[in-house]
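Biologist: I'd like to learn how to read a structure like this one. Can we go through it together?

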Amino acid sequence: MSFKIIVDSSYDMSRSFAKENNIDVIPIPVISKTNSEEYLDEETIFSDEFYKRMKEGEVFSTSAISEGIYLNVFEKYYKNNENATYFSLSSNLSITYNNAKNANEKLKEKYNRQNVFLIDSKMGSSAIGLLVLKILQKAKEDISFDEFSKYVYKIRENIELIFTVGDLEYLYRGGRLSKTSKVLGSLISIKPVLSVEDGKIFLKDKVRGNKKFISYVKNSIKKNWNENKKPPIMISVADSSEILDDLVTELKSEFDLGDNDIILGQVHSVIGSHIGPGSITIFYEK
């Protein structure tokens, strides 16, 4: 069997990418704590407006996709007897995966078969985007889900993430970072190096200033990158980043990369509500 790809909007890829690759995107609700309004990520609120309002002091949070929404989306595939795989935001960052699982169990029982299969990405943002990019061709092959999922999991375990933020306050306020890590990472001139392990954010290291952070990224890639693996390196920014141009230039020079070997993207409002404006994320396959 082949598989249609379903993702939620936390995967932080463009609408054009989804359209070109026939990917079904489920928007995650974003809630303004300032006025209690609920929006849908990249449907009723977009990155430019979101970060503008955030920098003006508005506070946002996110809400899980409901079981009812999953029922509506997944049932289309059951009705058409079409197979699909849903790649969720990490189950350690949100209950979306559990809601999707509950909805799918009900549909499996109703139709006495399984058409939708679930994969916990254990990641978020463009890490999911990179994973999806890497498996698009495999999803078109006539293979079992067991074979397909083994292929996906092998890639998932090799995706490396490094990121830094403009202000650790956003991660701390959202409960994504401990108070100790916040204090250590907020020292004057210190640039926190963050990553995700088992779906949880942690403070990996600390460097002094932007140049040292860029050097850290280069050294990490040099240490981990399997030369037999093809690029791309994916870099996504939350609104903007003061180090983006220098980082791209340094990576191209260090690893002899062309323009197509580095994919630039935008962190949308779901992940952005937690990491805040000025953050930058780097993903690559080891």
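Predicted model: local features only at pLDDT ≥ 70, side-chain atom pairs only at ≥ 80, totals over all residues.

Biologist: What is the phi of S36?

Modeller: S36 has a positive phi of about 65°, although S36 is not a glycine. E42 also shows a positive phi of about 65°, and E42 isn't a glycine either.

Biologist: Where does E42 lie, and is E42 buried or exposed?

Modeller: Look in the loop between β4 and α2 (47-55). Buried means under 20% relative accessible area. E42 comes in at 15%, so E42 is buried.

Biologist: Now the sheet. What is the order of the strands?

Modeller: The general idea goes like this: strands of a sheet pair through backbone hydrogen bonds, either parallel or antiparallel. Here you have an open sheet of 4 strands in the order β2-β1-β6-β7, and the pairing is parallel. At the edges sit β2 (24-26) and β7 (116-120), each pairing on one side only. Neighbouring strands in this sheet are turned by 25° against each other on average, direction ignored.

Biologist: How many bridges join β1 to β2?

Modeller: There are 3 bridges between β1 (residues 4-8) and β2, and these two strands run parallel. If you look at I6, you'll see D24 of β2 standing opposite.

Biologist: Which helix packs on the sheet?

Modeller: That's α6 (residues 145-156), which touches β1, β6 (84-88) and β7. The direction of α6 makes about 20° with that of β7.

Conventions: Residues numbered from 1 in each chain as written. Heavy atoms only, no water. Pairing = 2+ DSSP bridges. Axes fitted to C-alpha atoms, helices over the stretch in contact; angles between N-to-C directions. Contact = heavy atoms within 4.5 Å. Buried < 20%, exposed > 50% of the residue type's maximum accessible area, 1.4 Å probe, protein only.
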